[in-house]
Amino acid sequence: MKLLENNGFEVINSSLFMESGDAKIVGRMESYSCKMIGTEKQFYKKFAGDSGRTPHTLEALSPPQNGYGCYSYSTSPGSQYSRSFSRSSGSEDEGSVLCDTIERKTLFHLISTLNAAFADYDFSTAKADEFTKEPNLQFVTSNVDNLLSISATTQYSKIHDKLWVTLNEEIDLMECDIYSYNPDLTSDPFGEDGSIWSFNYFFFNKKLKRIVLFTCRALSPYSQGFYDSGLGPNEEEMDYSF
């Protein structure tokens with residue numbers, strides 16, 4: 001995965017470092033080309049053909065989670081949300097279950113994006129059930145807006161419109177499949193004590209062969225990352241003008 005330069009993202013990212021009360025918000029958006037580089041080619045050959053599978057083999061994803069405030073996602077005809085049948089990993093008597101699926105090639109792109117974005121971690125053994133396909137764009141925007149608006153109301157209101165416009169210009173949101181990474185605490189790079197909430201969204205535009213990762217977390221003073229984030233009580237107020 002190759003990190004793509006985006007000046008608009010740099011401006012937004014500088015504003016996604018926010019303080020509100022006792023919490024700190026740390027977020028960033030990064031755009032990646034799906035073109036394989038370096039050792040990714042070797043990893044892909046091993047990953048795609050593991051256990052006799054192919055790049056087009058479908059794997060079961062975890063079901064969507066309720067967003068902030070426990071609102072439910074919609075599966076109405078207008079939501080353009082569908083699921084596929086996948087045989088469960090249990091006994092054959094269990095038959096097939098209705099769930100979201102992902103091609104192994106797409107799963108490889110998501111894992112490679114994580115490896116590129118979090119260089120101190122190795123996600124090579126991540127499984128499909130650590131990822132979720134989000135029901136629709138509205139579900140994701142509502143969850144992001146709720147989390148950031150409640151955690152940093154004033155600061156987020158100043159960048160809200162520019163954030164979504166800039167993201168759409170880079171990835172064409174209506175043409176994207178959106179995934180999220182929801183691992184167990186030991187695998188989550190944000191799973192430290194004192195982390196209030198976090199999200200990791202992947203906006204995958206297959207036509208553009210591009211993924212935008214939008215990752216963000218809220219930290220309490222009990223989190224080590226609270227003191228490593230680069231923000232302090234004497235930090236000058238961010239300039240939110242564009």
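**Rings, burial and confidence in a predicted chain**

Ring pairs link F118, Y121, F123, F131, Y181 and F202 into a cluster. This is a predicted model, where local features need pLDDT of at least 70 and side-chain atom pairs count only at pLDDT 80 or more, while totals for chains, interfaces and linings use all residues. Residues are numbered from 1 along each chain as its sequence is written, and side-chain values use heavy atoms, leaving out hydrogens and water.

Q: Why is the pair of W164 and F214 called edge-to-face?
A: Planes under 30 degrees apart count as stacked, over 60 as edge-to-face and the rest as tilted. The planes of W164 and F214 sit at 70°, with the ring centres 6.5 Å apart, so edge-to-face it is. The pair links distant parts of the chain, with W164 in helix α5 and F214 in strand β11 (residues 210-219), 50 residues apart. Helices (H or I, at least four residues) and strands (E, at least two) are DSSP runs, numbered from the N terminus.

Q: What is the geometry of the aromatic pair F199 and F214?
A: Edge-to-face again: 5.1 Å centre to centre and 90° between the planes. F199 belongs to strand β10 (residues 195-205) and F214 to strand β11. Both F199 and F214 are buried.

Q: How do you know whether T166 is buried or exposed?
A: Buried means under 20% relative accessible area, exposed over 50%, partly exposed in between (1.4 Å probe, protein chains only). T166 has 5%, so buried is the word. T166 is found in helix α5 (residues 153-171), and its side chain reaches the backbone oxygen of K162 at 2.7 Å.

Q: Why is C34 called buried, and what about C176?
A: C34 comes in at 10% relative accessible area, so it is buried. C176 has 14%, so it is buried as well. The structure holds zero disulfides (pairs of cysteine sulfur atoms within 2.5 Å).

Q: Where is confidence lowest, and where highest?
A: On pLDDT, the predictor's confidence in each residue from 0 to 100, strand β5 (residues 84-87) is lowest at a mean of 44, and strand β9 (residues 177-181) highest at 97. Over residues 69-94 the pLDDT is below 50, yet this stretch has 46 contacts (heavy atoms within 4.5 Å) beyond near neighbours in sequence. Where pLDDT is low, the predicted coordinates should not be read in detail.

Conventions:
Polar contact = N/O pair within 3.5 Å; in protein donor to acceptor, adjacent residues only side chain to side chain. Phe/Tyr/Trp six-rings, centres within 6.5 Å; stacked < 30°, edge-to-face > 60°.
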